[in-house]
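Visitor: Could you walk me through this one and tell me where the labels come from?

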Amino acid sequence: MRHTIIALFAALPGLAAPALAQPDPSGINFVTIGNPNNPAYHGPDPENRVTGRGSVGYEYRLSQTEVTTGQWLEFLNAALARPDPIEWVGTPPLWGAARDPTYNGPGIRFRLGSSSIAASLGVYGISWRTAAVYCNWLSNGKSFERTSFLTGAYDVSTFGTNPDQTFTDQTTHSPGATYWIPTLDEWLKGAHYDPTHAANDGWWLYANRKDRAPVYGPPVTFGGNGTGEANAGFLLSGSRQYDIPLGSYPTQTSYYGLLDTAGAGGEWTEEIRRLQFSGWSRVYDGSYTGLSGSGAAAADLVNAYSDDYPSSLATSAGLRLASSIPAPLPMSIVCTGLGVAFFRRRRMP
C-alpha cells in the first residue's frame, strides 16, 4: 500500500522531482523551476550585463527542450493552411519539414521530411514575433479560431516599428498567460542556477552545470568520439549539424533537467536590449548550432547573450517555452484515487 500511495503522488502534476519532465496538454514536456527567491547572480561580469539578475520569486516551468519540428509543424499548419493566414507567422529557414507539394490550398501546408528523426529536429529561424503568436495559440488551447493566434499571451496588434528602429510590441506577456517567452531572469535561472552548487551563490558560469566551457562536438550517432557535450562550436559537411535531433546529449543538463541550453538554437527571451545607435532588439541566450570556434564558449557564459530584431528569421534563434504551474488536483480527486488503489490492492490475491 505504501508504494502505491507514493506512485500515485509521484504521478500528480507539480509533485515530480525537479529534473523529471512533466507531460503537458500542449504535447510539450516541461520541468519545474523551483527554489523561489534564489540569490541573483553576482559573479564575473565585465560588462555588467547580468549582475543582479536571475532571481525569480515564484515557481514556473520551462520546456525541457526547444520546440521540435513536430510541434512547430502543427502550429504552422494551423496558422498558414487556411484562407486567412496569420500575419507575423513566418517559415523557418532550417527545420525538419518542408512545404507539401500535394496541397492545393487554402494557404500553404507543410509536411515532415522523410527522415525518421525529422519530428525531433530543432527549428532554426523562429522570429520573436512568431514565437509570441505560438504562445497565444497554445494559451488558447490550440484553437483554429483566428482570434486564438492574436491574443492570449501577447497582443499582436501592438507589433510595429517606429522610425528610430524602436518597436511598439507588448513588452512582457499578459497576466494570466499559460505559455510565454521566458524572461531573461527565468531563462538564466533555469540554465545556470543550482542550489547545490557551493560556489558563486549557486551559479554556474557555463551551461550544463559547468564552470568551464562545454566540449563542443557531435554525438556518437553523428560521428562524434564520445566527448561532445553540445551541438555548437563545430560544422559538419553538408551543414549536417542542423540534422542532430534535440536531446542528443542526455547527460548534459541544467540542475532542473533542461537539455540543450548550450547548442541547438539561441533561445529567445522577453528582454529588450536598448542599442546605442540603432534602436532596440530582443535578447536570445545560449550558443547555437552553426556558431563555430571560440564564439560558442563565449555565448555560453552566464554573462553573455545575443540579440536581434523581433521580426528577424536569422537561423540562430529558436524557442524554449515558459509555462505556469498547473493547478493541483482537488483533494477529493486525490482521495478518490487513493481509495480506488487501496480497494484494488485489497482484492488482489
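Guide: By packing I mean contact, that is, heavy atoms within 4.5 Å. Bear in mind that this is a predicted model, where local features need pLDDT of at least 70 and side-chain atom pairs count only at pLDDT 80 or more, while totals for chains, interfaces and linings use all residues. Residues are numbered from 1 along each chain as its sequence is written, and side-chain values use heavy atoms, leaving out hydrogens and water.

Visitor: What makes H2 a helix by name, and how far does H2 reach from its first C-alpha to its last?

Guide: The names come from DSSP runs numbered from the N terminus: helices are H or I with at least four residues, strands are E with at least two. H2 covers residues 69–80, which is 12 residues, and spans 16 Å. The expected span is 1.5 Å times one less than the number of residues, and H2 is close to the 16 Å that this gives.

Visitor: Why is H2 called largely enclosed by the rest of the structure?

Guide: Because 10 of its 12 residues are buried. Buried means under 20% relative accessible area, exposed over 50% and partly exposed in between (1.4 Å probe, protein chains only). The buried ones in H2 include Trp-72, Phe-75 and Leu-76.

Visitor: What makes a set of residues a nonpolar core, and how many residues are in the largest one?

Guide: The members must be buried Ala, Val, Leu, Ile, Met, Phe, Trp, Tyr or Cys residues, joined through side-chain atoms within 4.5 Å. The largest such core here has 73 residues, and Trp-72, Phe-75, Tyr-134 and Leu-319 are among those with the most contacts inside it. H3 gives the most to this core, with 8 residues. As for Leu-319, its contacts include Trp-72, Tyr-134 and Ile-181, not counting residues up to four places away in sequence.

Visitor: Which strands form the open sheet, and in what order?

Guide: The order is S1-S2-S10-S5, with antiparallel pairing. S1 (30–33) and S5 (179–180) stand at the edges with a single partner each, so one side of each has no neighbour in the sheet.

Visitor: How do you know that S2 and S10 pair?

Guide: Two strands pair if DSSP finds at least two bridges between them. S2 (residues 60–63) and S10 (residues 322–323) have 2 bridges, and they run antiparallel. Leu-62 stands opposite Ala-322 in S10. Helix H5 (residues 184–192) lies across S1, S2, S5 and S10, at about 75° to S2; for that angle, axes are lines fitted to C-alpha atoms, for helices over the stretch in contact, with angles from 0 to 180 degrees between N-to-C directions.

Visitor: In which sense does S6 pair with S9, and in which with S7?

Guide: S6 (residues 266–274) and S9 (residues 317–318) pair in the parallel sense over 2 bridges. S6 and S7 pair in the antiparallel sense over 5 bridges. Trp-268 stands opposite Tyr-284 in S7.

Visitor: Why is the pair of Trp-88 and Phe-159 called edge-to-face?

Guide: Rings of Phe, Tyr and Trp (its six-membered ring) pair if their centres lie within 6.5 Å; planes under 30 degrees apart count as stacked, over 60 as edge-to-face, the rest as tilted. Trp-88 and Phe-159 sit 5.6 Å centre to centre with 70° between the planes, an edge-to-face pair. Trp-88 is in the loop between H2 and S3 and Phe-159 in the loop between H4 and S5, so the pair ties together parts 71 residues apart in sequence.

Visitor: What makes Asn-48 and Pro-106 worth a look?

Guide: Most residues other than glycine have a negative phi, and most peptide bonds are trans. Asn-48 has a positive phi near 55°, and it lies in the loop between S1 and S2. At 55% relative accessible area, Asn-48 is exposed. The peptide bond from Gly-105 to Pro-106 is cis, with omega near 10°, and Pro-106 is in the loop between S3 and S4.
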